[in-house]
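Dear colleague,

Please find the structure below, together with its sequence. My notes on it follow.

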Amino acid sequence: MKNFFVLLAVIMISCSSGEEKKLPFIRGVYGNPGALLDAGYRYDSLGMNSVFVRSVSFNREFYENAREQGMKIFVEFPTLLGRDYLSSHPEAWPVNEKGEQAPPASWFMGICPTDQDFWDYRVGQLEDILRDFDVDGIFLDYVHWHAQFETSDPILPETCFCDGCTGLFSKDKELDVQGGDIPEKATWIMENADREWRDWRNSILNGWVSGMGEIVKDMRPEALLGIFYCSWYPEEHDSALYRTLGIDVAAFARLADVLSPMLFHKMKEKEPSWAGEYIRWLDEHTGAGTKGKPLIWPIVQSHNNPQVVSPEEFREVMLEGSVYPGSGIMMFSDRSLLEDPGKIEVMKDLYLNHPGFR
Ligand SMILES: [Zn+2]
C-alpha cells in the first residue's frame with residue numbers, strides 16, 4: 001500500500017510538472033534588471049514574471065532576489081563576442097580577405113569561430129553557469145560572424161580567412177583551395193566556391209548553437225535554449241544575413257526553443273509597426289510560434305539611439321512586439337527604463353493591465 005501512495009505521488013508530481021510546462025506570456029526586462037531593485041522597484045509589482053540578465057551581471061544575489069519575487073531567470077550568453085578574449089588571445093582574431101586582422105565593427109569585435117581554445121573557453125563558462133544555478137534558460141547572443149548590424153548603415157567585412165578556417169573549409173567541402181597566401185586563397189574561394197563558402201560558414205554557426213544547446217540540455221534538461229539574433233529579412237542588405245552574418249533563421253528555428261529577434265526599430269530606421277510585421281513573417285517563414293516550437297519572444301527597443309524613443313513610441317513598439325504568435329517580450333534595456341520613468345509606467349501598465357500580455 002505504501003508503494004501505491006509513493007507511485008500515486010509520483011504520478012501527481014509528474015502531472016503537475018506537466019502543467020507547469022505551459023508557460024505564461026513572458027513579461028521580461030533585459031540587461032541588468034537588478035538595477036530596478038537598486039532604484040527601489042520590485043519586479044513583481046512592475047508586473048514582470050521574467051528577467052533576462054547579461055552573464056556579467058548574473059550572480060548569487062541577483063539569482064536569489066529574482067527567485068524570491070517569483071521570476072523566471074534567463075541568462076544571456078555572449079557566444080561569439082571576442083573583445084575581452086582577444087586581448088590575451090590575438091591568435092583567435094578574425095582575419096579578412098587581405099590576410100589582416102579585421103578591425104572592430106563599430107563597438108563590436110567578433111572572433112574566429114573555429115578557434116578550438118575559444119570554444120573550450122565558452123564551454124567552460126556555460127558549464128559554470130549551469131552547474132551553479134538552476135536557470136530557466138540560456139539565451140545565446142552574438143551568434144554571427146564578425147559584423148555590425150545594429151545600425152542603418154551596417155559594417156559587413158568578409159571573414160574569416162585564417163589558416164584554420166580555410167583549412168577546415170577545404171576539408172569539410174573536399175575542395176582543393178588554390179593560392180599561396182591568404183589574399184590569394186580568399187580570392188579563389190570567393191570567385192570559385194562562394195556558395196560552398198557561405199554554406200560552410202552557416203554550418204559553423206549552427207554548430208555553435210547545437211553544441212551549446214547540447215550542454216544546456218545535458219546539464220539542465222528543463223532549461224530553454226534561446227537565441228538573440230539579427231532580424232533582417234533574408235533579402236535585405238544584399239542578402240547579408242546569410243552571406244555575411246552566416247544566419248539561416250529556419251535552421252535557428254530547428255535548433256532553438258525560443259527565437260528572440262532583436263527588433264531594434266530606431267537603430268534600423270523602421271516604424272514600430274515593423275515589429276509586428278516581422279513576427280508574422282517569422283511564423284510564416286519558419287512555423288515558429290504557431291507550431292509550438294520554437295517560441296517567439298522578441299526584444300524591442302526602448303533605448304534612445306540614435307534618436308529618442310518616447311514613452312508613447314515605446315508603448316507602440318511593445319504592443320506591436322507582443323502580437324500573436326509571439327508569446328513573450330522584453331526590452332533593451334533596464335537602463336533606458338531608469339533614464340525615463342515614463343517608460344517604466346508604460347511597461348507596468350501593459351504588464352499588469354493589458355490583456356495582450358497575459
Ligand atoms: Zn578563422
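I begin with Phe357, which touches Phe25, Arg27, Ser322, Leu350 and Tyr351, not counting residues up to four places away in sequence; two residues are in contact if their C-beta atoms, placed from the backbone, lie within 7 Å. This is a predicted model, in which local features need pLDDT of at least 70 and side-chain atom pairs count only at pLDDT 80 or more, while totals for chains, interfaces and linings use all residues. Residues are numbered from 1 along each chain as its sequence is written.

Phe357 is found in the segment after α14 (341–353). Helices (H or I, at least four residues) and strands (E, at least two) are DSSP runs, numbered from the N terminus. Phe357 is buried, as 21 other C-beta atoms lie within 10 Å. A residue counts as buried if 20 or more other C-beta atoms lie within 10 Å of its own, as exposed if 12 or fewer do, and as partly exposed in between, with C-beta atoms placed from the backbone. Between the C-alpha atoms of Phe357 and Asp136, which are 221 residues apart along the chain, the separation is 20 Å.

One of the contacts of Phe357, Arg27, belongs to a face of strand β1 on which Val29 and Gly31 are buried as well. Six of the six residues of β1 (residues 26–31) are buried, so the strand is largely enclosed by the rest of the structure. β1 pairs in the parallel sense with β9 (residues 328–332) over three bridges, and Arg27 stands opposite Ile329 there. Four bridges join β1 to β2 (residues 50–54), again in the parallel sense, with Gly28 opposite Ser50. Strands are said to pair if DSSP finds at least two bridges between them.

Strand β5 (residues 224–230) is also mostly covered, with seven of its seven residues buried. β5 runs parallel to β4 (residues 137–141), to which four bridges join it, and Phe139 stands opposite Gly226. Five bridges join β5 to β6 (residues 258–263), and these two strands run parallel; here Ile227 stands opposite Leu259.

Which residues touch the most other members of the largest nonpolar core? They are Ile138 and Ile227, in a core of 93 residues. Such a core is a set of buried Ala, Val, Leu, Ile, Met, Phe, Trp, Tyr and Cys residues joined through C-beta atoms within 7 Å. Leaving aside neighbours within four places in sequence, Ile138 is in contact with Val75, Phe77, Leu126, Val216, Ala223 and Leu225.

Leu126 and Val216 also take part in the packing of helix α5 against helix α8, where Val123, Leu126, Glu127, Leu130 and Arg131 meet Met212, Ile215, Val216 and Met219. α5 (residues 116–132) and α8 (residues 194–219) pack at an angle of about 25 degrees, with their axes 10 Å apart. That makes the two helices roughly parallel, a term for angles under 35 degrees. Axes are lines fitted to C-alpha atoms, for helices over the stretch in contact, and angles run from 0 to 180 degrees between N-to-C directions.

Lastly, some backbone details. Most residues other than glycine have a negative phi, and most peptide bonds are trans. The bond from Tyr324 to Pro325 is cis, with omega near 10 degrees, and Pro325 lies in the loop between α12 (311–321) and β9. Glu174 has a positive phi, near 50 degrees, and is exposed, with 7 other C-beta atoms within 10 Å.

With kind regards

Key: Angles under 35 degrees count as roughly parallel, over 145 as roughly antiparallel, 65 to 115 as roughly perpendicular and the rest as oblique.
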